[in-house]
Amino acid sequence: MRLLRSLFLLVLIPAAIVCAGNEHITVAVSLQPYSTLLKMLGGARLNVVTLLPPGADPHNYEPKPAIIKAFSLAKVYFTDGSGLDNAWLPRFLGANKNVQVVNFSRNIEWMKAEDHDDENELDPHIWTSPYRMQLLAINIYEALKNIDPEHVAYYTARFQNTQELLRKVHRKLTSVIMGLPLDRRSFIVFHPSYGYLAKDYKLTQYAIEVNGKEPKPRDLAKLIQMGRKKNIKAVFVQPEFSKRAAATIAKDLGAVVVETDPLSEDFIGNTQKFIDALSEAKKR
């Protein structure tokens, strides 16, 4: 954990030293994890406007006037093209008709959203997978080279450092999972945020909520029965959701309960929490 955090800070900090005094480019992005990735790749060349503030729930968020004003100054909007971005984009484009829209999810295979009323709804949580963050980083890097060609060498150095850090996280997660017995490679999470991570690393995710709502007693009973059958020993809960159901399930299963925040700007630290939880669950 300490090594990854040190490397993470090394990617973020030196930018001000290298590019001090240079005019930066204002760019916008929807979520905190994407904002961090942009800062890792763009350093002091970028002024990043993040549309969703820390702690806000993207499912019912309404952008405040200050955010819309900040967006009006952006030269580029980096979008993953998900339903979430598509819902916000028309409103933001009304405030900034000249913004360049760059979709950085090129070559990303999307998954269908779990427990959602609309069967065509895509799961937006691609950033929770370290493997897919490497793919996103490639797309952002290519876009930055086109947007700001005079500073390609700067972006290349930061891209190489960022990719090395993401590869370390990927290898660490892979190593922990490879050390798990096959019957310990399932987990429960309140909101199904880790579908891409589960798919990429051969895990199985089970959601507590049902169609975006708190589970009823019979839903909990079914989930506990399934958890016993699958020998699940890790239950994850996000800060914006109720912990009551997760605690009930974990107590019955003898599982570890871990609070993770998939929307945190520290997406590497959040992945480390996930890794630590799997390691702890192995002991139970």
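Analyst: The mean positions of the 37 positive and 30 negative charges of the protein chain lie 6 Å apart. Lys and Arg count as positive, Asp and Glu as negative, while His and the chain ends are left out. Each charge is placed at NZ of Lys, CZ of Arg, CG of Asp or CD of Glu. One caution: this is a predicted model, where local features need pLDDT of at least 70, side-chain atom pairs need pLDDT 80 or more, and totals for chains, interfaces and linings use all residues. Residues are numbered from 1 along each chain as its sequence is written, and side-chain values use heavy atoms, without hydrogens and water.

User: How many helices and strands does the protein chain have?

Analyst: Helices (H or I, at least four residues) and strands (E, at least two) are DSSP runs, numbered from the N terminus. The protein chain has eleven helices and eight strands. Its radius of gyration is 20 Å, close to the 19 Å from the globule rule for 284 residues, so the chain is as compact as a globular protein of that length. That radius is taken over C-alpha atoms, and the rule is 2.2 Å times the number of residues to the power 0.38.

User: What share of the residues is buried?

Analyst: Buried means under 20% relative accessible area, exposed over 50%, and partly exposed in between (1.4 Å probe, protein chains only). Here 52% of the 284 residues are buried.

User: Which residues of helix α10 are buried?

Analyst: In α10 (residues 244–253), they are A245, A246, I249, A250 and L253. They cover an arc of only 125° around the axis, which puts them on the same side of α10. The arc is that of the directions from the helix axis to the C-beta atoms. R244 and K251, on the other side of α10, are exposed.

User: What do the buried residues of α10 pack against?

Analyst: Contact means heavy atoms within 4.5 Å. The partners are β5 (186–189), α9 (217–230), β7 (234–237) and β8 (256–259). Just after α10, G254 has a positive phi of about 65°.

User: Where does N107 lie?

Analyst: N107 is in the loop between β4 (100–103) and α6 (130–147). Its phi is positive, about 70°, although N107 is not a glycine. N107 is exposed, with a relative accessible area of 68%.

User: And K202: buried or exposed?

Analyst: K202 is exposed, at a relative accessible area of 67%. K202 sits in the loop between α8 (195–200) and β6 (204–207). Its phi is positive, near 60°, in a residue other than glycine.
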